Amino acid sequence: MAPDALLAALARLVPAMQEQATALDADETFPEQEFQALRNLGALVAPLPLRLGGYGAGTEPEGCDLLVGMLRTLGQGNLAIGRIFEAHVNALQLIVAFGSPLQVERAATDVRDGNLFGLWVTDPPGQALTLEAGSLCGCKGPCSAGGHVTRALVTMLTATGTQMAVVPIDGTVGIEPMRGVLQGMRACSNAVVRFNETSLPDDAIIGGPGDYLREPHLSTGAWRTTAVTLGGLEALVTATKSQLARRGHQDALLQQDRFGRMLIAQETARLWTVSAARCTEAGATPVADRVAYVNLARIAVETACLDTMRLAQRALGLAAFLRPNPVERLLRDLAVYLRQPAPDAVLTEAAAHAFSV
Ligand SMILES: Cc1cc2nc3c(=O)[nH]c(=O)nc-3n(C[C@H](O)[C@H](O)[C@H](O)COP(=O)(O)OP(=O)(O)OC[C@H]3O[C@@H](n4cnc5c(N)ncnc54)[C@H](O)[C@@H]3O)c2cc1C
């Protein structure tokens, strides 16, 4: 399937994803059917480089616009699906960037065989994942799609520093579902994943010590999260519009004022996201400039979302807080998904960079 056809097929899945989202959220259930549909369409293979049968979506500059479209479309359908797919792309991107040719081939075979990858780099306080004498001990969490991904790129503490490894997720690891604790993004099927002296497979370590923390990969990949967020923002604006119209509020001046501001925020988020994606994936400007630009994009999109959420709540009133109004879930999912690491540092470092050049 050509990239355009893949995008069009994904767009056709959006209404069904939106319809299912309420039930998946209520039950905190992994979107199994949706990921099977993505697998059937070849969407999971799209991040692989062209030479390995993919479209380079996230791994080659040619795949940039396709990936923007995929992440945005999935975010429109269900932010949880977008978030899980984004982690799959991120894991493959790191394997392609830092893995040996053999490791990249192995990952490509795994993806073509239908495996979904996770990216588990967060450690619960005091329980960091550690490599000792060839075995993994400790935890990762929160882990999206815990119990559903079959491969995970994890970070672990080793004698030489933080290292990445690709591990098969099978019966040897303990999955502790985080049920009933998260306000939103519940369909991510979040879990704490416990490794109990799990043997690290041969040739599992990707790259060298400290590579995960290396720029530009550490920071600039955040554009992908903003692209998923943009999709969620667009779904919120569309749902608010149709509910205002259903109430006959399209001619009410203050509702028009609020809706106009929502449209401005939505377009601001779109422009920043596309620009940050192209700047990152082209890789043509100095690393520090790219990092600062994506950092600004992160905060610009976060601000656009927070403004829109406030306006939607004010426009719809209490209805925006009542289940099963989709706006109620979208507000919760967006609120949680916007909590990305170190937002203060991201903004102040970008500002400091601008002073330094
Ligand atoms: C639904 C969901 C699924 C997730 N899935 C995964 C997953 O699959 N894999 C994974 O690895 N992770 C996952 N995570 C974790 C996620 O990647 C981030 O770790 C998390 O969202 C960070 O958010 P935070 O608000 O705690 O960030 P923080 O960085 O802790 O920021 C919180 C606040 O503290 C401030 N702050 C941070 N550091 C300092 C400091 N040193 N001094 C002063 N202020 C500071 C920040 O600016 C911000 O205001 C998931 C999270 C969620 C919510």
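How many bridges pair β5 and strand β8 (residues 205-206), and in which sense? β5 and β8 pair in the antiparallel sense over 2 bridges.

## Basis of the model

This is a predicted model, in which local features need pLDDT of at least 70 and side-chain atom pairs count only at pLDDT 80 or more, while totals for chains, interfaces and linings use all residues. Residues are numbered from 1 along each chain as its sequence is written, and side-chain values use heavy atoms, with hydrogens and water left out.

## Strand pairing

Helices (H or I, at least four residues) and strands (E, at least two) are DSSP runs numbered from the N terminus; two strands pair if DSSP finds at least two bridges between them.

## Ligand surroundings

The ligand has 18 residues around it, and Val 121, Thr 122, Ser 144, Arg 339 and Ala 342 come nearest (near: a heavy atom within 4 Å). By class, this shell has 11 nonpolar, 4 polar and 3 charged residues. Nonpolar means Ala, Val, Leu, Ile, Met, Phe, Trp, Tyr, Cys and Pro; charged means Asp, Glu, Lys and Arg; the others, Gly among them, count as polar. At least two shell residues come from each of β1 (117-120), β3 (135-143) and α11 (343-356).

An N or O atom in the side chain of Thr 122 is 2.7 Å from a nitrogen atom of the ligand, and a polar side-chain atom of Arg 83 lies 3.1 Å from a ligand nitrogen atom. At Ser 144, a backbone N or O atom lies 2.8 Å from an oxygen atom of the ligand.

## Pockets

A pocket is an open set of points on a 1 Å grid over the protein atoms alone where a 1.4 Å probe fits, with protein on both sides within 12 Å along at least five of seven lines; lining residues have an atom within 4 Å of a point. A volume is the space filled by probe spheres set on the points, which are joined across faces, edges and corners.

The largest pocket has a volume of about 1300 Å³. Its lining has 48 residues, with Arg 83, Thr 225, Arg 339, Gln 340 and Pro 341 nearest the centre. The second largest pocket has a volume of about 280 Å³ and is lined by 17 residues, including Gly 58 and His 217.

Notes:
Polar contact = N/O pair within 3.5 Å; in protein donor to acceptor, adjacent residues only side chain to side chain.
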